[in-house]
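Subject: Structure for you to look at

Hello,

Here is the structure I promised to pass on. Please open it first, then read my notes below.

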Amino acid sequence: MPVFSRNQGPVDDWTVIQTILHAESQLHGQSEITPSRRAGVLYRPDDGNQFLSTLERQLIHILNEGEGATKTGSRVENDEHGTSWVVMDDGNFEDLVSSVYTIGNAMQYNEAGQNRIAAVFEFYRSGYAAGENDWAPGSVGYWVYRYDRQRFYPFVPEGDEERNRAGEMQISQMMRSANVSVEKEMEEWRPIWGIPF
Amino acid sequence: MMAIASFFVTVASFLMQMFMWRMMFGGMFGGRRDSQGGAIIGIFLATILVYFIGSILMKSLSRYREYGADHGGSELTGDPGALASALEKISRSMARIPSEDLRTLSTANAFMIIPALRGDSLGKLLSTHPPLEERVARLRALEREMTTGLR
C-alpha cells in the first residue's frame, strides 16, 4: 500500500521533494555523490494554457523576484519528444531544489498540474566503485521525481539508450538509506533519454 | 596475466596513435616516398591487430576472473547456493527496470522488439563481466559438485 496513494488525497509535492535535501547533505558528506548545478522540470506543453504558453517570459518573475527569490538561472527548452523542459541552474543545492518545486507548484496553480511529468536532478558519482558494473566515479546520474506517482527513482544513462541498472540499484539503496521516498515498483523507473542539460 | 595483457594493449594503443599522427601529418599531405613506407604500414597494421586481439583477450580474462571470484567466495563461505540466489535476485530486479521512455507512457510501444534483436554474441565478446545467468549456472553446478563431494 503506497503511503502517498492518490485515494488518500493529494500530498504536497514538497513533502516528498524536500527529502532529497537531507539525503544530499548526508550522501555528499559521505563522498558518495555530488550534485551538479543542474535540474529540470519536464512537462507537456499546451498552447491552450496561458501560463504554459507564456512560461519562458515569466520565469524571472517566478524564481528571481520577491519573497523567497533565488538566483537560479532558468530557460525553457523543447525536446524531440514534443515535450518541454524548464532547465534550471544553481550552485546552491537548496535553492535549486526550492526553484524546481516552485516551478512545479506554479504550474499546478495555473491549471497545468496534469502537464507536469517529472522533476530531474543531476548528480555526479564522487565515491569509489566496488565493481566494474557499479555507477563509476565521475559519471552522471539523475534522481527523477515523477509527479504522477510522487516518488523518486534513479536513472543512470549509459551510451546510446542503455542504462546502468546495477548502478541504479546501488543508488536506490543509497537513496533509501538517506530516507528518500523511492519508487518501489521498479517497472515505473522509466528512463528519460536525451535530457537537455 | 592481466598486467602482461594490459601492457601489450597499452603499448599497442600508444604506437597506434603515434602512427596515426604520422600518417595524418607526414603521409597524407604529400609525404616522403622512401623505402621505409611499406615497413611502416606493416608495423602499423600489426599494431592494430595486437591492439584488438589484446583488448579482447583482456576482457575475456576479466570475465574469467569474475568466475574465479565467485568460485573462491563460494569455497570460503561453503555455500555457492547463497551467492547464486543473491545473484538471481539482483538479476530479477534488474530485469524489472524498463527501457521505455517516460514520455511515451501513454502511447503504444512499438519498439519493444528492439532489445530482443540486439547483437548479443558481439556484446558477449566485448563485455568485461560475464552475464549473471552464466555466473548463476556455474554456481549452481559448483553447489551440486560440493554437495555430492560431501557424501
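Two strands pair if DSSP finds at least two bridges between them. Helices (H or I, at least four residues) and strands (E, at least two) are DSSP runs, numbered from the N terminus. With that in hand, take one hairpin in chain A. E5(A) and E6(A) form it, with four residues between them. Gln150(A) sits in the turn and has a positive phi of about 55°.

A word on the source. This is a predicted model, in which local features need pLDDT of at least 70 and side-chain atom pairs count only at pLDDT 80 or more, while totals for chains, interfaces and linings use all residues. Residues are numbered from 1 along each chain as its sequence is written, and chains are lettered from A and ligands numbered from 1 in the order in which they are written.

Chain A overall

Chain A has six helices and eight strands. From the N terminus on, its elements run α-α-β-α-α-β-β-α-β-β-β-β-β-α. Of its 197 residues, 42% count as buried. A residue is buried if 20 or more other C-beta atoms lie within 10 Å of its own, exposed if 12 or fewer, and partly exposed in between; C-beta atoms are placed from the backbone. Two residues are in contact if their C-beta atoms, placed in that way, lie within 7 Å. Take the contacts in chain A with a separation of 6 or more: residues 24 or more positions apart account for 62% of them.

The sheet

Six strands of chain A make an open sheet with antiparallel pairing, in the order E2-E3-E1-E4-E5-E6. Strand E2 (73-78) and strand E6 (151-155) stand at the edges with a single partner strand each, so one side of each has no neighbour in the sheet. From one strand to the next, the twist averages 25°.

The pairings, with examples of bridge partners:
- E2(A) pairs with strand E3 (residues 84-89) of chain A over six bridges, in the antiparallel sense. Gly73(A) has Asp89(A) as its partner in E3(A).
- E4(A) and E5(A) run antiparallel and are joined by seven bridges. For Ala118(A), the partner in E5(A) is Arg146(A).
- E5(A) and E6(A) also run antiparallel, joined by five bridges. In E6(A), Phe155(A) partners Tyr142(A), and Phe152(A) partners Tyr145(A).

Is E6(A) enclosed or open? Five of its five residues are buried, so E6(A) is largely enclosed by the rest of the structure. Arg151(A), Tyr153(A) and Phe155(A) point one way from E6(A), and Phe152(A) and Pro154(A) point the other way. E5(A) is also largely enclosed, because six of its seven residues are buried.

Helices on the sheet

Helix H5 (residues 93-109) of chain A lies across strand E1 (33-43), E3 and E4, running at about 10° to E1(A). Helix H6 (residues 165-177) lies across strand E5 (140-146) and E6 of chain A, at about 145° to E6(A). Axes here are lines fitted to C-alpha atoms, for helices over the stretch in contact, and angles run from 0 to 180 degrees between N-to-C directions.

The buried residues of H5(A) include Leu96(A), Val97(A), Val100(A), Ile103(A) and Met107(A). They pack against helix H1 (13-17), helix H2 (19-29), E1, helix H4 (55-64), E3 and E4 of chain A. After H5(A) comes Glu111(A), with a positive phi near 60°.

The core

A nonpolar core is a set of buried Ala, Val, Leu, Ile, Met, Phe, Trp, Tyr and Cys residues joined through C-beta atoms within 7 Å. The largest one has 46 residues, of which Ala118(A), Val120(A), Val144(A) and Phe152(A) touch the most other members. Strand E4 (residues 116-125) of chain A gives the largest share, six residues. Leaving out residues up to four places away in sequence, Val120(A) touches Ala39(A), Gly40(A), Leu42(A), Tyr142(A), Val144(A), Ile192(A) and Ile195(A).

Where the chains meet

The contact takes 17 residues from chain A and 13 residues from chain B. On the chain B side, five are nonpolar, four polar and four charged. Here Ala, Val, Leu, Ile, Met, Phe, Trp, Tyr, Cys and Pro count as nonpolar, Asp, Glu, Lys and Arg as charged, and the others, Gly among them, as polar.

Look at Asp101(B), in the loop between helix H3 (80-96) and helix H4 (114-117) of chain B. Asp101(B) counts as partly exposed, because it has 18 C-beta neighbours inside 10 Å. Not counting residues up to four places away in sequence, Asp101(B) touches Arg190(A), Pro191(A), Ile192(A) and Trp193(A).

Best wishes
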